[in-house]
Amino acid sequence: MPSSPTPSKPSTTASSSTALSSRAVYQPPFYYQCIIGLLKPLYRLQVWRRSHKRDNYQQEVAQRFGKHYPAAPTADIKAEINHKTEMNNNVIWCHAVSLGETNTVAPLLDMLLAHGYQIWLTNTTQTGFARGASRFAADIAQGRLSHSYVPVDSPAVIETFLAHVQPVAALFVETELWANILTKLSEHRIPSILVNGRLSASSFTSYQKIAAVSASMMKNLTLIIAQDNESAKRFRQLGAHSAQIRVAGSLKWVINSPMLNNETIDSKTDDVQATDGSAAKKEHERATIQKQKSGIAVELGIADRPIWIAASTHSGEESIALSLQEHLLSNPALADTLLIIVPRHPERFDEVATLIQNSTLIMARRSNEEAIMADTQVYLADSMGELMTWYTLADVALVGGSLVDVGGHNPVEPASVATPVLMGRQTQSCQSVVDKLASVGALYQPNNTFYHPINIEDVATNNENIDHSDIISSDISSLDMKGKQKSSRNKSSLAANDTALIYDQLQSWLSHPLLAKQAGQAGEQMTVQQQAVLTRQFAMIEKVIEQHSNQETL
């Protein structure tokens, strides 16, 4: 049976740090409840249309609508409990919408697990759910982490979910918030924390359109851990109080790859995460990365070839990458360049394969176990869980979601393995990270004012046969831009110019490996410096849980 809500208690005390269980409960407006009630059956139909042919359809429906859940996680008596031995229940609910949010929050969940907490992880999308299942497979098998789809934002369903999970706190990653969920958490005196909080200008405008709903959500949140000052300002403008907000940096800086399939990449990435700043250790890490990269290249038969990757790509981005590759191959000095394409979503693998087959380029496909031959020009890495392997192998990485209006995916992953990064201008989801990497020359983005190129005095300059300016002016007109939607002549011209600039930088890095290496190492160093964000956000979460526990015992 669902547990009954704890009666709302008006705020009687004001805390200088964070108002917890003494805060009032803020109900969303009545019209929101009506809309959710009307949309619930329509959402059920949407789930059926999207998922009814999948084997786990019944499981998905049962979890989204509160019919059945897996068993709650159990305590790990061997784990470090950090003053928590007196607590019988130590479950933290964490909601991560999709793949990106799951990857972002994974290192934080690892730290919580290591400190004796148990986790209940929920996802909204099937891609996110699949990633959560694979990323935390060992923890799920050991009973330390339970995993389900997120419940719909219906009061009755949320009551059922909370009664089953009984969390001591709830974490929400980046932006996705639901008014009824936050109200129910507040009623039950369960602290709710927005981790890695980010609010772009466009999202802020959307939330402003439902101002009353947004205000209720902001006020019901116990703590907002914002990535940057701009997001913090927007949260305040939506109704959050300054005492609820902390700025701690972005978890995107934390390397998320301890569960990759390739053991050599696992050990390499663990090394990069180390915070030991000694020059000897850093040099050892770089040597290890280079050794493993060489080993993978030899194994795949592509040693000594220039290699670049177009990673986490969306519709429209693969055609741009193929066009860039065709132009690179027309340069005699780069005629043996290999492009690795890794689409963001598995359901697009066949679509991308067809796109490559319809081009002039010769393809090998990983899912078909096709070997990379001397004449292979494009390798379609249509596999899951191997992205860090390809980032390690590449000399340059073009990170997707940035050439089309998606917001950009995390550039820290390639930077962490000393691979220089290219991105388009659509990076609103990770702009602060992009700017920091650009400022040390590790990431190139057209017209980024923070970009400070790496200059190496002893780089060989005898490749004067490559006239970049001529290439830009003569070849950009033939670059395949059909994947970009041209809503206006100005937008088309802007996109073409961005692609030309990206091509110029790509060719420069591939033509001058030492320059690319220095840019990559600058990114790796920046990544190491930013690792403290993980411990900051963890400490803030623990403080809220401890304060709440202390207030509950009074």
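**Notebook: a walk through the predicted model**

I began with the surface: the protein chain has an accessible area of about 23500 Å², and 53% of this belongs to carbon and sulfur atoms. The areas come from the Shrake-Rupley method with a 1.4 Å probe, and for residues only the protein chains shown count as cover. I keep in mind that this is a predicted model, where local features need pLDDT of at least 70, side-chain atom pairs count only at pLDDT 80 or more, and totals for chains, interfaces and linings use all residues. Residues are numbered from 1 along each chain as its sequence is written, and side-chain values use heavy atoms, with hydrogens and water left out.

**Overall fold**

I found 21 helices and 14 strands in the protein chain; these are DSSP runs, numbered from the N terminus (helices H or I, at least four residues; strands E, at least two). Of its 554 residues, 57% are buried, meaning under 20% relative accessible area with a 1.4 Å probe, protein chains only.

**Cores**

Next I looked up the largest nonpolar core, which has 67 residues. Such a core is a set of buried Ala, Val, Leu, Ile, Met, Phe, Trp, Tyr and Cys residues joined through side-chain atoms within 4.5 Å. Leu108, Leu112, Val195, Ile309 and Ile340 have the most contacts inside it. I then took Leu112: beyond its neighbours within four places in sequence, it is in contact (heavy atoms within 4.5 Å) with Ile92, Tyr117, Ile119, Leu171 and Phe538. A second, separate core has 40 residues, among them Tyr32, Phe172, Leu194 and Leu221.

**Helix α2**

Why do I call α2 (residues 57–64) largely enclosed by the rest of the structure? Six of its eight residues are buried, so the rest of the structure largely encloses it. I noted the buried ones as Tyr57, Glu60, Val61, Ala62, Gln63 and Arg64. Their cover includes α1 (30–51), α4 (126–135), β3 (145–149) and α6 (155–165). Just after α2, I saw that Gly66 takes a positive phi of about 75°.

**Asn448**

My last stop was Asn448, in the loop between β14 (443–444) and α18 (468–475). Is Asn448 buried or exposed? Its relative accessibility is 11%, so Asn448 counts as buried. Setting aside neighbours within four places in sequence, I list its contacts as Gln431, Val434, Asp435 and Ala438. Asn448 and Ala438 are ten residues apart in sequence, and their C-alpha atoms are 7.6 Å apart in space.

Methods. Buried means under 20% relative accessible area, exposed over 50%, partly exposed in between (1.4 Å probe, protein chains only).
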